[in-house]
Amino acid sequence: MTIKVAVIGAGAIARRGHLPALKLLEKEGLVELVAIVDIKEDLAKRVSKEFDVQKYYIDYKRMLKVEEPDVAIICTPTPTHFKIAKDCVEYSNLLIEKPLCIKLSEALILRDLAKKNNRRVGEVYNFRYFPSVLKALNRVKRGYLGKLVSIQGIYSTHFPIAWTRSTWLYHERGVLYDGLPHLIDLMLLIGDGRPMRISAFGGDLLEDAGFINHASFAVELDNKVFLTGVNSWLIGVSYVLMALELYGTGGIGYLDVRSDSYREYHGIRTIIHDLFYVKEELINFMRSVISGKFFVGALAHYPILLRQFLMGVEKGGRIPVSIDDSIERLIILEGIVYSIRNKEIADRRVLLEKAEEESLKMG
């Protein structure tokens, strides 16, 4: 059965990630791309023509009633996710760009609405498909690092002004809702636990920006794996720095996600070990440049992500990141914000209770 898909939002992530992948899946007969929606009519019209989509709309509610898509993919700015998803979940299964929404309370409402309407709601996390990430995950699961005890991570990049004129990222929670959700996703994927307590420091280090632009955090999982991380728009690099260090009783793993490389050390580390990895990384780098994958980066993984999500919806199987998974990731984001604001440790139970109360008030 062909799955009818509509894309809501015709911005950069839709044009560079979702739509090229959907056209590939359309050629395979898995998908029928029925409509593109954007509040800017000229953009919706231009993108629909570029990707040979027959219909475009400026009103997603009208599109849902007319086209009746099996899946709607939400690619709009994060602050709009909740309202659009809340309106759509009655009519369609949903795949939402990360982060799912701004607040944990919003995610709880979407979870309940999805259950009520028997809909699947997923979230986009494409960094987990890098070969280096899959290798690291496999090595941890097979016990090559012994018992995993700690993961340290960093996600740092320049201010969004370097790649977009839009200002929607400069809301109060700022940098936390840029690339950090990807780092948290990998930490929970590899750490394989639920966040119980979160502590964080940081905030507006520029003092007059009005939003969080740097944060350091620590998370205790229920399986006693400990996560620590740094997230910043202020570190002096002009590229995305995303890396994790995995510490186990049997060894250490170094995962550089942006460079798609994984190193592992056991016992004594010598320059011979480093030279071996440098040779391997140079070969992989040249291959990725020749194939063009280096220049595409994480966008290259949209076809497999979309295929897995759509097949999960069609067959009633598991989807890559469910709304319950998304809630675990939002607990950490909400916990970081809470800890920075209140200068105290955020507890899972307290965060969920506050979110439940807020969701009831929101109706």
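A residue counts as buried when its relative accessible area is under 20%, and as exposed when that value is over 50%. Keep in mind that what you're looking at is a predicted model.

Take Thr 76 to begin with. Its relative accessibility is 15%, so Thr 76 falls on the buried side of the under 20% cut-off. You'll find Thr 76 in the loop that runs between strand S4 (71-74) and helix H4 (81-88). Its side chain makes a polar contact of 2.7 Å with the side chain of Thr 80. Setting aside neighbours within four places in sequence, Thr 76 also touches Ile 8, Gly 9, His 81 and Ile 84.

Now jump to another threonine. Thr 157 sits in the loop between strand S7 (148-156) and helix H7 (180-191). Is Thr 157 buried or exposed? With a relative accessible area of 5%, Thr 157 is buried. Again leaving out neighbours within four places in sequence, the contacts of Thr 157 are Asp 178, Ser 232, Trp 233, Tyr 239 and Val 240.

On to the sheet. Strands in a sheet pair through backbone hydrogen bonds, and they can do that in a parallel or antiparallel way. Here, 6 strands form an open sheet with parallel pairing, in the order S3-S2-S1-S4-S5-S6.

How values were computed. Residues numbered from 1 in each chain as written. Predicted model: local features only at pLDDT ≥ 70, side-chain atom pairs only at ≥ 80, totals over all residues. Heavy atoms only, no water. Helix = DSSP H or I, 4+ residues; strand = E, 2+ residues; numbered from the N terminus. Buried < 20%, exposed > 50% of the residue type's maximum accessible area, 1.4 Å probe, protein only. Polar contact = N/O pair within 3.5 Å; in protein donor to acceptor, adjacent residues only side chain to side chain. Contact = heavy atoms within 4.5 Å. Pairing = 2+ DSSP bridges.
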